[in-house]
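Dear colleague,

I am handing over the structure below, together with a short account of what was found in it. Please note that this is a predicted model.

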Amino acid sequence: MSWDKLIKENKPLVIVGTINAYSALLAERAGIQAIYLSGGGVANASYGLPDLAMTSREDVLEDVRRIRSATKLPLLVDIDTGWGSALSISRTIKEMISAGASGVHIEDQVSEKRCGHRPNKEIVSCEEMVDRVKAAKDAQTDDNFLLMARTDAFAKGGLQEVIDRSNAFIEAGAGAIFPEAISKLKDYEEISKNVSKPILANITEFGMTPLFSHNDLADAGVKIVLHPLSAFRAMSKAAEKVYATLASGGDHEGLLDKMQTRDELYDVLDYHMYEEKIDKLFEKN
């Protein structure tokens, strides 16, 4: 299904972060219609690193390929600043499409970027970001591919700077806008009124943006709501408890009610279908 149709049929369209292929399967079974790969999530979960521009294009592409092998759900990918010059951005877009990404967002921070909900972010000029968007658009070979422009300008220049940049990015070819770290519903409303493409609200826990409800965001004109790392945070907290319990010699059996069972795992993976194929392969004639 195209992004246009998904956005039109869902008010708002909810996109959730899937940290790996198995998470993508779980999201699909839950009825999620579109998924997301976070750059910070790749750094944290796949490499044990902070979200400080320490991972490469290929690092992200590897996780894209793994997720795409497990599900055909539309996959939006965080490509940070695009990993370099216009030529590098062009290569990034082509390789993301080849790997199976359904869309990307590229941002206007400097290459030594920080998490969007941390202080002391620095952004490039509007003109430099326009060049990034143009390079990405020129490399796009799939009409259904979503090119989203993220701006971190709210923290530095305020609401009007976000609106001005968003319109410049749309003119350069962006099909959607991701204004980062917005703190009030009325600000989302002003952005949506003053830009012509769908806007995304990043509802990430423990950040600068309050956990607005989907209905309130839709009323403010938001078309897409992103929950980038919600499941990963829950998984990590649960894992911490399990490890701490085992390390202390605690009651392992008391953790069972918080675990997915073997049968539930097999159901998600369609394990028995594979096993039956093996049995048929080796059965006697």
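The largest nonpolar core has 56 residues. Those with the most contacts inside this core are Val-64, Val-77, Met-96, Phe-169 and Tyr-188. Helix α6 (residues 126–139) provides the largest share of the core, with 7 residues. A second, separate core consists of 15 residues, among them Trp-3, Ile-15, Ala-34 and Leu-200. In soluble globular proteins, nonpolar side chains tend to be buried together.

As for Met-96, the residues that it touches, leaving aside those up to four places away in sequence, are Val-60, Leu-61, Val-64, Val-77, Ile-79, Trp-83, Ala-101 and Val-104.

Helix α6 also packs against another helix. The axes of α6 and helix α8 (residues 159–172) come within 8 Å and cross at roughly 30°. Because angles under 35 degrees count as roughly parallel, α6 is roughly parallel to α8. Their crossing is right-handed. On the α6 side, the contact is made by Cys-126, Met-129, Val-130, Val-133, Lys-134 and Lys-137; on the α8 side, by Arg-165, Ala-168, Phe-169 and Ala-172.

Helix α11 is followed by Gly-249, whose phi is positive, near 70°.

With kind regards

Note on methods. Residues numbered from 1 in each chain as written. Predicted model: local features only at pLDDT ≥ 70, side-chain atom pairs only at ≥ 80, totals over all residues. Heavy atoms only, no water. Core = buried A, V, L, I, M, F, W, Y, C linked by side-chain atoms within 4.5 Å. Buried < 20%, exposed > 50% of the residue type's maximum accessible area, 1.4 Å probe, protein only. Helix = DSSP H or I, 4+ residues; strand = E, 2+ residues; numbered from the N terminus. Contact = heavy atoms within 4.5 Å. Axes fitted to C-alpha atoms, helices over the stretch in contact; angles between N-to-C directions. Parallel < 35°, antiparallel > 145°, perpendicular 65-115°, else oblique. Left-handed = near helix turned anticlockwise from the far one by under 90°.
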